[in-house]
Amino acid sequence: MIKNFIITAWRNLKGNKVFSFINIFGLSVGLTCCMLIGAYLYQELTYDTYPAQARQLYRVALHSNGDNAAADFPSVDIAVGQGIKSAFPEVLASTRLTNLGNVFVKYGNNQFKENKVVLIDSNFFKLFSIPLAEGDIKTALNEPKTIVITKAFEKKYFGGLPALGKALKVGNDLVKVTGVIDKIPDNSHFHADAFMSMVTFVTPRAKQTWSNVGYFTYLLLNKNADPKKLEARFPQLVAKFVVPEIQHDMGVSVAEAQKSVNSFLFFLQPITDIHLHSASKYEFESNGDIHYVYIFGALAAFILLLACINFTNLSTASAAKRAKEIGIRKVLGSAKNKLVSQFLIESVMLTLLATLFAMGLVYLLLPYFNDLSGKQITIGFFLTYRVVLFEIALTLFVGLIAGIYPAFFLSSFQIISILKGNTGTEPANRGGLRSSLIVFQFGISTALIIATFIVYQQLYFMQNKKLGYDKNQVLVINDTNTLGNNIDAFKQQLLNDNRVVNATISDNVPGYNNMGGTEIYASYIANKGTRTQLQTGIYWIQNSYIPTLGMQLAKGRNFYPSAPADSASAIINETAVRDLGFGNTDPLGKTIIRSGQRHYTIVGVVKDFHYTSAKQKIAPLMMLASNNSKGSIIVRIKTADVHHLISDIKTQWNTYHVGAPFSYSFLDEQFATLYNSEQRTGQIFTTFSVIAVIIACLGLFGLAAYMIRQRVKEIGIRKVLGASAGSITVMLSKEFLKLIIIASLVAFPVTWYAMNKWLQDFAYRITIEWWVFLAAGCIALLVAALTISFQSIKAALANPVKSLRSE
């Protein structure tokens with residue numbers, strides 16, 4: 001019986017080549033989207049699950065709730081981890097990680113700048129279940145000046161030779177390679193190429209402080225520990241360790257320092273939640289976003305659902321061709337359940353063919369998808385045991401879901417109606433259901449078009465927002481610390497070039513995420529006798545910094561050319577003035593007390609500028625005078641021949657024989673990279689909008705074919721009575737276009753709500769305008785009209801004799 005069903009199904013697929021092709025194409029596109037997005041979601045949802053005790057590992061984070069501002073920090077101070085372990089027996093172990101930043105590494109003639117060299121405690125690899133390919137995991141990092149490297153790092157510096165036991169120069173330190181790992185797993189919230197022993201820089205005699213940040217600290221809890229109950233006991237450690245530090249460093253009273261118990265809040269994050277649920281700007285590296293997991297998951301489901309609806313419409317549209325077959329089967333005694341089984345097998349077979357095509361599309365589109373999503377998914381992932389089982393289950397599920405309505409619809413044809421030739425009629429409620437499916441399809445398509453518009457509007461807004469400085473024609477020369485004492489001479493050479501407008505030396509460049517530190521400050525307002533604490537970023541700058549970048553002072557003065565003359569002076573931004581609570585009081589001449597009781601007099605207020613992404617609210621910033629910063633030289637240029645200028649600067653650089661390659665970037669290009677995530681989101685919405693519209697159009701094509709077949713005799717009569725082809729085309733198209741208008745009207749409020757929620761993640765955002773909805777609706781109408789026109793014009797031009805000859 002099943003064999004007969006399969007043979008019959010195959011014969012019907014071959015006999016309806018056009019409809020079979022459209023069905024297979026639509027389903028294969030839907031399945032391809034589902035597979036690719038499913039792989040993306042799997043990788044996102046399995047981050048940090050690789051440690052053997054992942055469910056027991058937590059990161060210690062800090063919520064600092066100052067007087068006028070609050071911030072979350074994913075790192076804590078040097079002593080926090082061990083302090084918590086010593087205080088609470090349910091904590092089995094603690095370990096730390098901190099980034100060294102940009103550092104030069106050298107072995108023989110190979111020297112490169114590295115930004116993924118970190119310090120870790122000796123038990124770090126054990127807690128994270130990262131095995132050593134070479135070396136002893138128990139002792140590799142016990143001693144100072146030891147390092148474990150990845151195989152890629154080993155090949156980069158040592159070629160094909162073994163690195164174990166050899167010495168590398170990291171910065172100014174000579175360190176011994178004591179271990180080699182394969183690599184950090186891709187689904188990890190941190191990645192690095194080299195891991196130095198923490199005791200290299202943090203000796204047991206180092207000051208064990210609690211009130212700052214910078215060390216990513218992890219705790220291993222026992223299986224029965226309750227992290228919430230443990231968190232509730234952290235304030236006692238704040239009272240014991242943080243309060244005395246605040247009192248000493250800030251020079252405040254005991255009562256004032258006691259406020260830290262309520263404003264300095266340590267909390268625990270499960271490591272499996274970090275990637276999708278932690279969005280601090282101070283993360284070790286950029287994380288994902290659970291909202292995008294929901295969005296892309298919904299996209300996959302909707303695209304697949306659109307494909308199933310498309311299949312349903314096309315199957316019912318071709319019902320008239322199967323009517324006589326069904327009638328004969330029923331006359332010969334075939335039961336309804338047998339007919340249902342026959343049609344479901346056809347549906348599953350067609351879905352199976354679509355799955356095979358989908359696998360081919362996955363193979364072809366995977367490189368593009370990886371580039372779009374920022375992932376490194378391989379084709380091997382889709383051939384693993386579990387994924388293959390999922391693909392089989394998905395094929396069966398889609399085949400049954402897509403085919404169940406057509407199966408019952410086709411098997412319900414009445415024999416008498418079929419033998420009379422009434423194959424084009426059906427109850428009105430079924431026509432209503434099919435129209436509802438078209439409304440749903442185009443509602444989703446219109447919503448995606450609107451979302452695409454809004455995403456790109458927001459991206460354009462951020463990229464073109466006034467930043468508070470001029471990012472154009474600004475060249476940033478990197479690694480200038482390698483020039484040593486020659487850095488000022490090199491800068492002067494640049495200034496002597498008439499193509500250079502200005503130049504300044506600093507470690508801190510807007511948009512480069514290289515803050516000079518983040519600390520707690522207190523301002524003392526004399527006429528009120530109060531203190532205000534908050535977190536503020538630090539920029540170490542020369543007096544040429546503000547004019548070079550085109551920033552503006554709101555009040556006060558710039559630093560003097562000689563930094564020592566302003567060693568106790570500070571320039572703060574307008575946000576810092578507001579958050580420190582000056583109100584109508586002039587901040588000039590007031591004192592800021594930095595931790596360690598270092599006092600700074602405010603000499604100027606710089607107008608707010610975006611030193612991070614415009615996605616984030618401008619935070620308080622403090623600028624301090626320094627001639628010791630050597631990380632970068634920021635150069636404002638004025639020339640049309642930029643290539644020739646860079647070539648000349650490179651020649652000057654090479655005369656100093658610093659051993660480091662000439663490296664540069666442009667400030668505007670770096671600024672654009674801050675929005676890579678939003679750029680990717682826009683591309684994803686664009687891609688899936690196009691796919692949704694194509695699938696919806698196929699569904700509309702099917703419904704148009706079905707409806708026109710129903711009315712073929714009516715069209716013939718109208719033509720005989722003198723109706724023109726144009727009027728018939730308008731009549732047929734009008735009903736479908738009504739459905740598209742309804743779909744748009746349904747999509748408008750839903751999309752407005754969803755995109756308004758999405759925009760809330762941006763501190764500076766657009767207002768959604770009415771024309772976006774009108775434009776999306778017009779696009780949907782135009783595409784639908786073009787789709788319908790093929791069928792309606794064909795019907796309008798048909799010879800009425802053919803449709804009426806049986807009457």
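What follows is a set of questions and answers on the side-chain contacts of this predicted model.

Q: Which residues touch the most other members in the largest nonpolar core?
A: That core holds 107 residues. Five of its members touch the most others: F382, F442, M551, F609 and M623.

Q: Leaving aside neighbours within four places in sequence, what is F382 in contact with?
A: F382 is one of the residues that touch the most other members of the largest nonpolar core. With its neighbours within four places in sequence set aside, its contacts are M35, L36, A39, M359, V362, L366, I377, V387, V388 and E391.

Q: How many residues are in the other core, the one that includes Y58 and F73?
A: This core lies apart from the 107-residue one. Its members include V202 and L237 along with Y58 and F73, and the core has 47 residues.

Q: How many residues apart are the salt-bridge partners E283 and R59?
A: The closest N and O atoms of E283 and R59 are 3.1 Å apart. E283 sits in the loop between α10 (271-277) and α11 (290-317), while R59 is in strand β1 (residues 57-65). The pair links distant parts of the chain, with a separation of 224 residues.

Q: Is R59 buried or exposed?
A: The cut-off for buried is under 20% relative accessible area. R59 has 0% relative accessibility, so R59 counts as buried.

Q: Which residues are linked with D497 in a network of salt bridges?
A: A search of the whole structure gives 14 salt bridges. In one of them the side chains of D497 and R499 meet at 2.8 Å, N to O. Both ends are buried, D497 at 13% relative accessibility and R499 at 17%. The network links D497 with R499 and D648.

Q: In the salt bridge between R557 and D566, which residue counts as partly exposed?
A: The closest N and O atoms of this pair are 2.9 Å apart. D566 has 1% relative accessibility, so D566 counts as buried. At 25%, the partly exposed residue is R557.

Q: Over which ring does the charged end of R557 sit?
A: R557 also forms a salt bridge with D566. Its charged end is 3.9 Å from the centre of a ring, and that ring belongs to Y560.

Q: How many degrees lie between the planes of Y292 and F296?
A: The structure holds 34 aromatic pairs. In this one, the centres are 5.9 Å apart and the rings are stacked. Both residues are buried and lie in helix α11, 4 residues apart, or about one turn of the helix. Stacked needs planes under 30 degrees apart, and the angle here is 25°.

Q: How many residues apart in sequence are the parts tied together by F302 and F440?
A: This aromatic pair is tilted, at 6.2 Å centre to centre and 55° between the planes. F302 is partly exposed at 33% relative accessibility, and F440 is partly exposed at 29%. F302 lies in helix α11 and F440 in helix α16 (residues 428-464), so the parts tied together are 138 residues apart.

Q: Which residues do ring pairs link into a cluster?
A: There are 34 aromatic pairs in the structure. Ring pairs join these residues into a cluster: F124, F125, F128, F190, F195 and Y218.

Q: Which residue lies over the face of Y764?
A: The distance to the ring centre of Y764 is 4.5 Å. The residue lying over that face is K465.

Notes
Residues are numbered from 1 along each chain as its sequence is written. This is a predicted model: local features need pLDDT of at least 70, side-chain atom pairs count only at pLDDT 80 or more; totals for chains, interfaces and linings use all residues. Side-chain values use heavy atoms; hydrogens and water are left out. A nonpolar core is a set of buried Ala, Val, Leu, Ile, Met, Phe, Trp, Tyr and Cys residues joined through side-chain atoms within 4.5 Å. Buried means under 20% relative accessible area, exposed over 50%, partly exposed in between (1.4 Å probe, protein chains only). Contact means heavy atoms within 4.5 Å. A salt bridge is a side-chain nitrogen of Lys or Arg within 4 Å of a carboxyl oxygen of Asp or Glu. Helices (H or I, at least four residues) and strands (E, at least two) are DSSP runs, numbered from the N terminus. Rings of Phe, Tyr and Trp (its six-membered ring) pair if their centres lie within 6.5 Å; planes under 30 degrees apart count as stacked, over 60 as edge-to-face and the rest as tilted. A charge sits over a ring if NZ of Lys or CZ of Arg is within 6 Å of the ring centre and within 35 degrees of the ring normal.
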